[in-house]
Amino acid sequence: MNIILLGPPGAGKGTQASRLVEERKMVQLSTGDMLRAAVAAGTEIGLQAKRVMEAGELVSDAIVDGILSERLDQEDIARGFILDGYPRTAVQAASLDRMLAEKGLHLDHVIELAVDEDALVDRISGRFSCAVCNTPYHDRYQLPKVEGVCDVCGSTEFKRRADDNEEAVRTRMAEYRAKTAPILPHYEAQGIVRRVDGMAPIGAVGQAIDDILG
Ligand SMILES: [Zn+2]
């Protein structure tokens with residue numbers, strides 16, 4: 001199974017991708033990781049990317065395609081891959097289709113973790129965690145049983161991410177729509193877009209994805 005996993009920050013995409021890597025031994029292909037690996041390995045295309053990045057320029061589609069192409073030639077791809085952060089434009093999606101076809105590969109599903117923006121704001125803007133053991137809490141939905149004391153480790157220190165607030169969440173949603181909306185019609189035309197309720201509990205989201213993957 002080869003998939004693209006889409007979803008705005010906060011929808012649990014990272015959690016689900018990690019689980020698929022762990023449980024199904026799928027390979028996660030993130031463009032950032034692949035670029036760093038190619039640069040570190042000193043491949044021809046990696047050296048090209050290094051020169052471009054050192055010049056402070058954006059890495060071109062051609063270089064990303066080259067790096068992805070090299071990665072797709074590695075044997076572990078046979079276990080199935082999860083594309084993360086690529087493609088971002090219809091042009092890149094068409095280029096990916098051609099590349100996969102040349103290698104005798106194809107995409108099975110484009111899975112979008114769909115979220116309700118207001119509900120996502122409500123969920124993210126209230127969250128905090130124990131500063132010692134990282135147990136997650138929420139101002140409205142999951143307060144410690146004893147106020148100010150972690151249920152798990154008894155710590156009285158908590159932390160909150162600076163960007164877990166309404167404005168930051170709405171900005172991330174707008175960025176996601178701008179970056180992702182252009183590729184969905186491309187895959188909808190192929191009939192491979194599947195939507196999963198990203199607002200459901202983590203286990204239910206995982207089950208829905210498993211149902212799609214079979
Ligand atoms: Zn704790």
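Residues are numbered from 1 along each chain as its sequence is written, and side-chain values use heavy atoms, without hydrogens and water. Because the model is predicted, local features need pLDDT of at least 70 and side-chain atom pairs count only at pLDDT 80 or more, whereas totals for chains, interfaces and linings use all residues.

Buried denotes under 20% relative accessible area, exposed over 50%, and partly exposed the range in between, with a 1.4 Å probe and protein chains only.

H2 and H4 pack at about 80 degrees, with axes 10 Å apart; axes are lines fitted to C-alpha atoms over the stretch in contact, and angles run from 0 to 180 degrees between N-to-C directions. The two helices, H2 and H4, are therefore roughly perpendicular (65 to 115 degrees). Contact (heavy atoms within 4.5 Å) involves Thr31, Met34, Leu35 and Ala38 of H2 and Val64, Ile67, Leu68 and Arg71 of H4.

The structure holds 22 salt bridges, each a side-chain nitrogen of Lys or Arg within 4 Å of a carboxyl oxygen of Asp or Glu. One of them joins Arg172 to Asp164 at 4.0 Å; Arg172 is buried at 15%, and Asp164 is buried at 7%.

How values were computed
Helix = DSSP H or I, 4+ residues; strand = E, 2+ residues; numbered from the N terminus. Parallel < 35°, antiparallel > 145°, perpendicular 65-115°, else oblique.
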